[in-house]
Amino acid sequence: MKVRSGRTVRDLRRENRTAVLQRLYFDGPLSRFSLGPATGLSSGSVSNVVSELVAEGLVEEAGSVDSAGGRPRTLLRVSARSGYMIGVDIGETRVRVELFDLALTELARVERPLATGGPRRVDRYDVGVVVGHLREGITEVLGEAGIAADRLLGVGIGVPGIVARTAEDGAVVHGQTIGWDAVPLERLLRESRLLPESVPYYIDNGAKTLGQAEMWFGAGRGAQSAAVVLFGSGVGACVVGDDTGPARAVEWGHLTVRVRGRRCRCGAQGCLEAYAGAEALLQRWAEAGGRPPAGADEETALTAMLAAAYPERDEAGSGPEPDATALAVLEETAEYLGAGFSDLINLFQPERILVGGWAGLQLGRRFLDSVTAHATSYALAYPAARVRIDLGTLGPDAVTVGAAILPLADFFARGGRPEETEPVEPDPAWRAALRERSAQ
């Protein structure tokens with residue numbers, strides 16, 4: 001049956017269910033009475049939808065609240081254990097797999113380090129090895145939490161690279177910096193028959209999943225626009241704004257900052273990543289005469305560099321002198337990053353620039369203050385005066401949280417009906433509800 005707008009009755013029911021679910025999720029617990037004005041639905045529609053959701057186990061009672069002159073009103077909330085999501089971060093030093101309930105409470109976690117040995121850096125990204133880590137990690141977190149695979153709403157995966165989609169292979173990853181040339185990751189996971197066919201995979205750029213997490217639950221809350229930077233072995237970013245719609249990954253790390261400059265791991269010369277990524281930062285320290293720990297991984301080596309540049313001192317101020325070489329390389333890196341930030345400021349004029357990723361969080365506030373000074377000096381004065389540059393607040397789990405949000409958002413867009421097989425474009429009201437909630 002069609003209604004006047006061209007939507008079917010089924011479409012309207014799904015939209016009503018989505019409206020109730022998202023209000024309960026972001027503003028709950030709420031009473032049926034409160035859901036009417038919150039969603040714009042009639043009391044009859046609210047009653048029908050709530051009855052369906054309670055019968056399906058998606059919504060549960062959460063106590064009561066006194067009403068003016070009447071019986072106490074029953075409060076409702078989304079049932080946290082009515083569905084589960086897995087978030088995966090295929091990072092630069094490890095593969096992290098986390099299991100969450102519907103409230104994004106972590107239930108289990110597995111990490112698999114990516115070996116750094118071998119004659120070429122990309123050896124650690126052997127596709128078969130990474131897929132093996134995913135299979136083992138997903139099996140392990142489900143077993144640890146005692147959750148059946150068919151209870152999953154989906155598996156979200158953040159990857160380094162550009163994600164395209166084809167009818168035959170699903171999500172295909174073009175990760176030039178890690179040696180992935182059109183890797184059909186979704187098909188490879190499907191062929192492993194690890195999960196039931198009914199459980200979908202959602203594969204997207206890791207900087208984008210980081211950005212979604214920080215915007216919805218972290219340092220981006222309340223902002224209408226932001227650029228979120230993922231600073232690890234390399235650098236990437238995503239941009240979120242009212243005019244750009246959902247978070248959009250941008251290959252910011254491969255902007256040219258120096259013509260005929262250092263060779264980047266993507267193969268080009270002069271990319272920002274060739275100067276500002278943690279891998280390049282440590283290489284430049286060694287080239288300048290620094291001594292990274294022999295055989296150490298990047299995280300350990302960066303810790304050593306920071307200890308050399310910023311040695312601990314006692315209360316009297318005595319202690320070892322800062323390593324001049326490490327300090328100089330860090331300051332040069334801060335200037336390159338600042339120049340890169342100025343590009344984000346001039347191009348997108350965001351309210352905030354947020355820095356996440358293991359290296360960005362490890363470098364910390366002192367380094368970011370230097371980056372900010374350079375960014376404002378290179379950027380146009382008007383947008384530079386209106387941007388706030390800060391560290392992300394979700395820590396190293398931000399990519400996995402953002403990846404888990406992918407199946408959650410799709411589930412709600414489908415009205416909480418996983419059997420809806422046709423793709424559903426998330427309602428703009430979903431993003432509006434997120435921003436409205438985060439502004440509170």
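How many aromatic pairs does the structure hold?

## Aromatic pairs

There are 5 aromatic pairs in the structure, counting rings of Phe, Tyr and Trp (its six-membered ring) with centres within 6.5 Å. In one of them, Tyr25 and Phe26 have ring centres 5.1 Å apart and planes at 85°, so they meet edge-to-face (planes over 60 degrees apart; under 30 is stacked, the rest tilted). Both Tyr25 and Phe26 are buried (under 20% relative accessible area with a 1.4 Å probe, protein chains only; exposed is over 50%, partly exposed in between).

Then there's Phe411 with Phe412: centres 6.0 Å apart and planes at 35°, so this pair is tilted. Phe411 is buried at a relative accessible area of 6%, and Phe412 is buried at 0%.

## Arginines over rings

Arg73 lies over the face of Phe33, 4.0 Å from the ring centre. Over at Tyr310, the charged end of Arg366 sits 3.9 Å from the centre of the ring. To count, NZ of Lys or CZ of Arg must be within 6 Å of the ring centre and within 35 degrees of the ring normal.

## About the model

This is a predicted model, where local features need pLDDT of at least 70 and side-chain atom pairs pLDDT 80 or more, while totals for chains, interfaces and linings use all residues. Residues are numbered from 1 along each chain as its sequence is written, and side-chain values use heavy atoms, leaving out hydrogens and water.
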